Amino acid sequence: MTTSIKHFINGQETPGSGGATQPVYNPATGQVSAELHLAGQEDLDATVAAARTAADAWAEASIAKRTAVLFKFRELLAASRDELAAIVTSEHGKVLSDAAGEVGRGLEVVEYACGVSQSLKGEFSDQVATGIDVHSFRQPVGVVAGITPFNFPVMVPLWMAPVAIATGNAFILKPSERDPSASVFIARLWKQAGLPDGVFSVLHGGKETVDGLLTHPDVDAISFVGSTPIAKYVHETATAHGKRVQALGGAKNHAVVMPDADMDVAADHLTAAAFGSAGQRCMAISVAVAVGEAGDLVVDKLIQRANDVKVAEGTVPDADMGPVITPQSKARIQRIVGEAEQDGAAILVDGRDLVVQDHEDGFFVGPTLVDRVTSEMSAYTEEIFGPVLVLVRVDTLEEAIELVNANPYGNGTAIFTSSGYAARTYTRRIHVGMVGVNVPLPVPVAWHSFGGWKDSLFGDHHIYGPDGVRFYTRGKAVTTRWPEVSEASGASFAFPSSGKH
Ligand code: NAD
């Protein structure tokens with residue numbers, strides 16, 4: 001019997017009234033592992049109504065009460081790390097250590113949210129005019145919906161919900177329909193931590209459910225993370241419906257390798273950053289830009305390391321990399337590598353036809369290294385989102401910067417060098433939101449914010465950290481006078497001023 005995965009509405013698990021279901025797969029075996037209940041209109045309306053009521057009460061809860069729940073949730077989440085990692089591996093396919101790592105990065109955001117009192121302190125100006133003070137503070141936006149991708153079923157929802165909840169909002173999560181179990185597990189932890197019903201809900205579904213949230217009059221803000229075309233659509237649709245939106249999109253992350261880099265370090269990092277999680281990370285390095293002789297110096301090391309990557313089911317203790325998410329993903333990766341080959345690129349390591357023993361029906365693709373790729377090839381222009389590293393060769397740092405800046409994506413990038421001058425020039429001139437110097441996956445810690453530029457983010461705010469607090473709150477400025485005795489001072493028809501000019 002397959003498990004059925006339910007919604008979490010107003011504190012209860014329920015199959016809802018939509019009626020439709022969809023299979024969830026274990027990508028390592030290719031077998032159906034569960035049936036997912038999809039929301040109907042009634043479920044959507046019930047979830048939003050519960051969130052609305054809960055948001056009004058939760059916004060009135062003291063910061064002490066809210067953070068007490070956050071601290072308890074942090075404890076429960078930390079204690080559940082291995083259990084959650086196993087759930088992620090069974091539906092996503094990534095190896096257990098990687099899944100535990102994503103829970104850890106989510107935990108960091110919870111810890112940041114535990115200290116939200118510091119971020120909500122506000123500002124005060126004494127005596128701006130005689131007897132008049134001004135203070136500014138921030139209040140919750142209300143009901144927030146988060147729509148999340150398959151590739152981080154724990155971490156990305158935790159980029160959003162802890163900050164939204166700590167700042168006094170109700171949060172509705174619409175997780176990816178490919179690996180939805182982790183979100184229901186997390187909902188149970190919130191309840192156990194003492195979060196009032198309706199403050200955190202999970203609603204399963206696809207486009208229809210997303211559209212329902214984007215257009216619902218009682219949803220105030222949307223946090224989205226996913227591919228660029230959907231991010232753009234979500235941003236346009238939800239802003240047209242008067243909502244505040246942050247929509248993080250896809251990526252094509254370049255790592256520049258300078259000739260003065262330590263080539264062993266660069267090759268190790270590039271291999272892990274390109275093939276970890278089967279390349280299905282928004283910060284995965286998918287393009288290595290080798291400057292001058294760096295190409296010849298690094299290429300053999302990359303071949304050797306790609307061949308050493310152990311591909312297996314994610315539960316195998318020494319596995320480096322698991323399967324990709326669907327057969328469609330596998331087919332897309334195979335097609336793009338095939339096109340590169342036809343266009344004259346050199347396939348140095350070819351994982352297209354990899355078969356993992358005893359997992360013949362799993363959605364596996366092996367590490368693939370493609371050299372002599374040019375910016376016109378689909379292997380360069382498309383987000384492959386698989387274990388493929390393409391190597392582009394250029395002559396100078398200037399050329400590398402021009403290449404990266406001409407790319408429509410601007411999520412993450414890295415430079416490997418031993419020159420402070422090259423690193424400084426690159427970090428200042430590059431049109432990318434997150435930059436690593438000898439660090440391949442520069443995912444900011446939770447008290448900085450995460451976000452790309454250009455087609456990697458639509459909206460004004462990055463996610464989590466200080467930008468997360470700003471996104472989930474609205475500013476208010478209060479001007480106050482408390483005269484000693486109440487006496488009529490006479491009406492003034494001039495525009496109010498501090499009296500200086
Ligand atoms: P996706 O865009 O297919 O799906 C993301 C979410 O949108 C899911 O919840 C899905 O149900 C919903 N959705 C899908 N099609 C829709 C439609 N037509 N209308 C409305 N909603 C729709 O992304 P994915 O395949 O789940 O995830 C991989 C993508 O996410 C990659 O492009 C990756 O780069 C990106 N990503 C970006 C970041 C970031 O921080 N910028 C982080 C993680 C993933």
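Biologist: Why is V437 called partly exposed?

Modeller: The relative accessible area of V437 is 36%. Buried means under 20%, exposed over 50%, and partly exposed in between, with a 1.4 Å probe and protein chains only. V437 is therefore partly exposed. This is a predicted model, in which local features need pLDDT of at least 70 and side-chain atom pairs count only at pLDDT 80 or more, while totals for chains, interfaces and linings use all residues. Residues are numbered from 1 along each chain as its sequence is written, and side-chain values use heavy atoms, leaving out hydrogens and water.

Biologist: Where is V437 found, and what does V437 touch?

Modeller: V437 belongs to strand β20 (residues 434-437); strands (E, at least two residues) and helices (H or I, at least four) are DSSP runs, numbered from the N terminus. Leaving aside residues up to four places away in sequence, V437 touches I415, A423 and T427, where contact means heavy atoms within 4.5 Å.

Biologist: What makes the length of helix α3 close to what is expected?

Modeller: Helix α3 (residues 81-92) has 12 residues and reaches 16 Å from its first C-alpha to its last. The expected span is 1.5 Å times one less than the number of residues, and for α3 this is given as 16 Å. Helix α3 is followed by G93, whose phi is positive, near 105°.

Biologist: Which residues of α3 are buried, and against what do they pack?

Modeller: L84, A85, I87, V88, T89, E91 and H92 are buried. Their packing partners are β1 (3-5), β4 (21-26), α2 (63-79), α4 (96-114) and α7 (181-192).

Biologist: How many residues surround the ligand?

Modeller: The count is 26, and the closest are K174, E177, S227, G249 and E383; a residue is near a molecule if one of its heavy atoms lies within 4 Å of it.

Biologist: What makes R305 and D264 a salt bridge?

Modeller: Their closest N and O atoms are 3.2 Å apart, and a salt bridge is a side-chain nitrogen of Lys or Arg within 4 Å of a carboxyl oxygen of Asp or Glu. The pair therefore qualifies. R305 lies in helix α11 and D264 in helix α10 (residues 263-275), so the bridge ties together parts 41 residues apart in sequence. R305 also meets D268 in a salt bridge of 2.5 Å, N to O. By this rule the count comes to 25 salt bridges.

Biologist: Why does R305 count as buried, and why does D268 count as partly exposed?

Modeller: R305 has 15% relative accessibility and is therefore buried. D268 has 42%, so the label partly exposed applies.

Biologist: What makes T326 buried, and where does T326 lie?

Modeller: T326 has a relative accessible area of 12% and so is buried. T326 lies in the loop between α11 (294-308) and α12 (327-342). A polar atom of the T326 side chain lies 3.0 Å from the backbone nitrogen of S329.

Biologist: Why is G386 called buried?

Modeller: G386 has 5% relative accessibility, so G386 counts as buried. G386 is placed in the loop between α13 (378-381) and β17. Its contacts, residues up to four places away in sequence not counted, are A274, A278, G279 and I333.

Methods: Polar contact = N/O pair within 3.5 Å; in protein donor to acceptor, adjacent residues only side chain to side chain.
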